[in-house]
Amino acid sequence: MAPQERTTCCEDSRQEDNLANIDLNNGFINKAFTNDVSDNVNTKNHTEEPKPTKKVKDFDDLLPYIGEFGWYQKILFLLMIPFAFFVSIVYFSQIFMTIVPEQHWCWIPELANLTAEERRALAIPAKSDGPFTHDRCNMYSADFSLALEQGRTTPDDEWKIIPCSHGWEYNRSDVPYETIASQLDWVCDKDNYAATAQAIFFCGAIVGGLVFGWIADKYGRIPALVGTNLVGFAAGVATAFCNTFWSFTLCRFLVGLAFDNCFTMMYILVLEYVGPKWRTFVANMSIAIFFTLGASLLPWVALWAGDWRRYALFISAPFIIAAATPWVVPESARWLLSQGKIDKALVIMKKFERVNKTKIPDKVLNEFTEATQQAIKDSEAHKSYSVLDIFKTPRLRKNALLLIVIWMAISLVFDGHVRNVGSLGLDIFLTFTIATATEFPADTFLTVVLDRWGRRWLACGSMVVSGIFSLLATAVPIGGPSASLAILGRFAVNISYNIGLQYAAEVLPTVVRAQGVALIHIMGYVASIVAPFVVYLANISPDLPLLILGVLGIVGGGLCLLLPETMDTEMPQTLEDGENFGVDQKFWDNPCFPRKTKEFPEKYIPSPVREDNFIRSLPASGSRASVRASIRLSSRSRRHQDNGV
């Protein structure tokens, strides 16, 4: 068990029905806790005082008693594997269904008995400029049967050049299997069909985000998770039977309904069950390990299948196992509590007790139940919230709009790098795998530093670095040098992408979290609709996509600094929590360089904390955020004393 898993507060709770055994120096404390016994305030010439009681008022207060990352949470973490595979399949699979061999030219039926080189030499116009030695979209108009009888092996200068009239043939050395694009000849005047189908896929993602986001907040995370994956299953299987562009785009629209809620719902659910110090690990290592593995395997599955139809069937069939989700994954207790379903949430908590081998003291459980019931009465928890609620108050609205714009930039840059691998001058299967594999070191690095360096500055820095590498890739020759710099840009935007996934879930309050995250992702899909056409600009100039991605990365990175820092904070529960989130932060605040604070003299040392005092969560020893929180506590306590409270 990793050292930061702080479950010592629960080990002896079965022996004593009080909270005196909690270690306040390394334990989990937050604003809902109140005095029990005495607190140890370590200052010069100051004797030990009783530890305070910490009254349990919300779900974050209850987590230490069931374990912040116990066995049940570890099981849920592993259960993310299939859903991470599913989202990688939904997102990337079309690339290997619609890829077209770079070497293609007009098919001439009369020359079928000749070799490919002989056909090109006789019937295809040569080109002296560009990466190809022959024209890919035009042919000579001639009586080729007569030309063969005359023994011609080269064209006549008087032959006219016309567009291909009998289809195309392909050199399959780079793409050694049939794709729907090569089967239906999506080349030349139809070479935008693949980009259009991908854009329609993201249109489906917009609709799916709205529908399944609403279902998640109205009926629960599990119904949304099951529904979105079953839609992905049905549409993915149907894709294998498509024979026209329009039937394929319809199926891609339906598959788009499943993106990316087929994983995000599970992602949100697991994040809601782990303690604050484990959110970064769960959020990033699930992507680093599971998503990266699934995506890296896709090109080789396509090569193994040897045909785009078998490939579509093979990768879509596993989605059906999502139907078993209600029997193995619990509904979100946070969502149940936000809906006033306390009894159902407590049943789930009992399951966590059994699996984690912990025990919630009766006193704590009673406090939690009473506080939750009171919160329901005070805030009308039975009220149905909509995504529009996040735009009703100024600070929450500002944060939501920033998250939307930043996520649009991240999505366009990320998707652009994903789809631009075919323009880098190297083998697309190997390049895609290497670029995708950068997820693992990026997310592992993020897991190590995110809770030390914070979200704001790291998101800004990674986006800006991605933009710089993208711009540099346009200044070097196409091939190895440009591909290396582009992959480094992809590595940096991977960091931004995964910060963005976690950032939105931490800033938005529970009552609208699923809908809010879905809206932010929907706007990302809007930006991603443009990405295939940005990559399509490589047909005009290979530098254009990277120039656009570079500028967007730098601009998006700068906007990240306008968001509040979420490191070492509790996830907001209500709309009021969301409005007040980060209100005490300054623009230049950086966890690595905390603001200097004055040391309080002995006379300002607080007396035992009252029930209405504010105590922010204290992470492990050495956290700068906890130092600032404890100083603010001292100041508040002093004001209480001065006011005679």
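Helices are DSSP runs of H or I with at least four residues, numbered from the N terminus. The model is predicted, so local features need pLDDT of at least 70 and side-chain atom pairs count only at pLDDT 80 or more, while totals for chains, interfaces and linings use all residues. Residues are numbered from 1 along each chain as its sequence is written, and side-chain values use heavy atoms, with hydrogens and water left out.

**Exercise 1.** Determine how helix 3 and helix 7 are oriented to each other, and which residues meet.

*Solution.* Step 1: the angle between helix 3 and helix 7 (residues 193–219) is about 165 degrees, and their axes lie 11 Å apart; axes are lines fitted to C-alpha atoms over the stretch in contact, and angles run from 0 to 180 degrees between N-to-C directions. Step 2: the two helices are therefore roughly antiparallel, the class for angles over 145 degrees. Step 3: V90, Y91, Q94 and T98 of helix 3 meet A194, A197, Q198, F201 and F202 of helix 7, where contact means heavy atoms within 4.5 Å. Step 4: these residues divide into 6 nonpolar, 3 polar and no charged. Here Ala, Val, Leu, Ile, Met, Phe, Trp, Tyr, Cys and Pro count as nonpolar, Asp, Glu, Lys and Arg as charged, and the others, Gly among them, as polar.

**Exercise 2.** Classify the packing of helix 3 against helix 11.

*Solution.* Step 1: helix 3 and helix 11 pack at about 45 degrees, with axes 8 Å apart. Step 3: the crossing of helix 3 past helix 11 is right-handed. Step 4: the contact residues comprise 20 nonpolar, 4 polar and no charged.

**Exercise 3.** Identify the residues and helices that line the largest cavity.

*Solution.* Step 1: the structure holds 8 cavities of 30 Å³ or more; a cavity is a set of points on a 1 Å grid where a 1.4 Å probe fits but cannot get out, and lining residues have an atom within 4 Å of a point. Step 2: the largest has a volume of about 110 Å³, counted as the space filled by probe spheres set on the points. Step 3: its lining includes V87, Y91, F259, D260 and E439. Step 4: helix 3 (71–98), helix 10 (261–273), helix 11 (276–305) and helix 21 (480–507) each give two or more residues to this lining. Step 5: by class, the lining has 9 nonpolar, 1 polar and 2 charged residues.

How values were computed: 1 Å grid on protein atoms, 1.4 Å probe; cavity = no way out; pocket = protein on both sides within 12 Å on 5 of 7 lines; lining within 4 Å. Left-handed = near helix turned anticlockwise from the far one by under 90°. Parallel < 35°, antiparallel > 145°, perpendicular 65-115°, else oblique.
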